[in-house]
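Subject: A structure for you to look at

Hello,

Here is the structure I promised to pass on to you. Please open it beside this email, and then read on for what turned up in it.

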Amino acid sequence: MAGAIMLGVFGLIILLAAIVFWVLMLIDCLTNPRLVGTDKLVWVLVIIFLHVLGAALYFAIGRQQRVV
């Protein structure tokens with residue numbers, strides 16, 4: 001019984017961390033001055049529709065984009 005409770009608490013912590021990460025990446029995308037026009041729109045849609053996977057993709061790829 002105690003193991004199940006600990007597993008539930010661990011799962012809740014992971015879920016909350018994923019939600020916070022998702023929100024932070026969405027805010028970063030919206031306020032990133034290096035993303036302009038449709039690039040920003042595409043990244044926002046990727047983050048919204050792919051949830052944590054989209055946020056992770058933005059973190060790995062989108063944050064480093066530079067205006068050419």
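To what number does the count of aromatic pairs come? The count comes to two aromatic pairs. Please keep in mind as you read that this is a predicted model.

Let us begin with F21 and F59. Their ring centres are 6.0 Å apart and their planes stand at 70 degrees, so this pair is edge-to-face; the cut-off for that label is an angle over 60 degrees. Now find the two residues along the chain. F21 belongs to helix α1, which covers residues 2-31, while F59 belongs to helix α2, which covers residues 38-60. The pair therefore ties together parts that are 38 residues apart in sequence. Are these two residues buried, partly exposed or exposed? F21 has a relative accessibility of 26% and counts as partly exposed. F59, at 41%, counts as partly exposed too.

The other pair to look for is W43 with Y58, which is edge-to-face as well. Here the distance is 5.6 Å centre to centre, with 70 degrees between the planes. W43 counts as buried, because its relative accessibility is 11% and the cut-off for buried is under 20%. Y58 is also buried, at 0% relative accessibility.

Next, please turn to the two helices themselves. How do α1 and α2 lie relative to each other? Their axes come within 9 Å and cross at roughly 155 degrees. Since an angle over 145 degrees counts as roughly antiparallel, α1 is roughly antiparallel to α2. The crossing in which α1 passes α2 is right-handed.

Which residues make this contact? On the α1 side they are A18, F21, W22, M25, L26, D28, C29 and L30. On the α2 side they are K40, W43, V44, I47, I48, H51, V52, A55, A56, Y58 and F59. Sorted by kind, the residues of the contact of α1 with α2 are 16 nonpolar, one polar and two charged.

Two residues of α2 in that list are worth a visit of their own. V52 is found in helix α2 and is partly exposed, with a relative accessible area of 37%. Leaving out residues up to four places away in sequence, V52 touches A18, F21 and W22. V52 and A17 are 35 residues apart in sequence, yet their C-alpha atoms are 10 Å apart in space. H51 also lies in helix α2, and its phi is near 55 degrees, a positive value in a residue other than glycine. H51 is partly exposed, with a relative accessible area of 48%.

Now for the loop between α1 and α2, which is where you will find N32. Is N32 buried or exposed? N32 has a relative accessible area of 4%, so it is buried. Which residues does N32 contact, if neighbours within four places in sequence are left aside? They are K40, Y58, G62 and R63.

One last stop is D39, whose place is in helix α2. D39 is partly exposed, at 38% relative accessibility. The C-alpha atoms of D39 and C29 are separated by 9.8 Å, and these residues are 10 apart along the chain.

Enjoy exploring the structure, and do write back with any questions.

Best wishes

Conventions:
Residues numbered from 1 in each chain as written. Predicted model: local features only at pLDDT ≥ 70, side-chain atom pairs only at ≥ 80, totals over all residues. Heavy atoms only, no water. Phe/Tyr/Trp six-rings, centres within 6.5 Å; stacked < 30°, edge-to-face > 60°. Helix = DSSP H or I, 4+ residues; strand = E, 2+ residues; numbered from the N terminus. Buried < 20%, exposed > 50% of the residue type's maximum accessible area, 1.4 Å probe, protein only. Axes fitted to C-alpha atoms, helices over the stretch in contact; angles between N-to-C directions. Parallel < 35°, antiparallel > 145°, perpendicular 65-115°, else oblique. Left-handed = near helix turned anticlockwise from the far one by under 90°. Contact = heavy atoms within 4.5 Å. Nonpolar A, V, L, I, M, F, W, Y, C, P; charged D, E, K, R; others polar.
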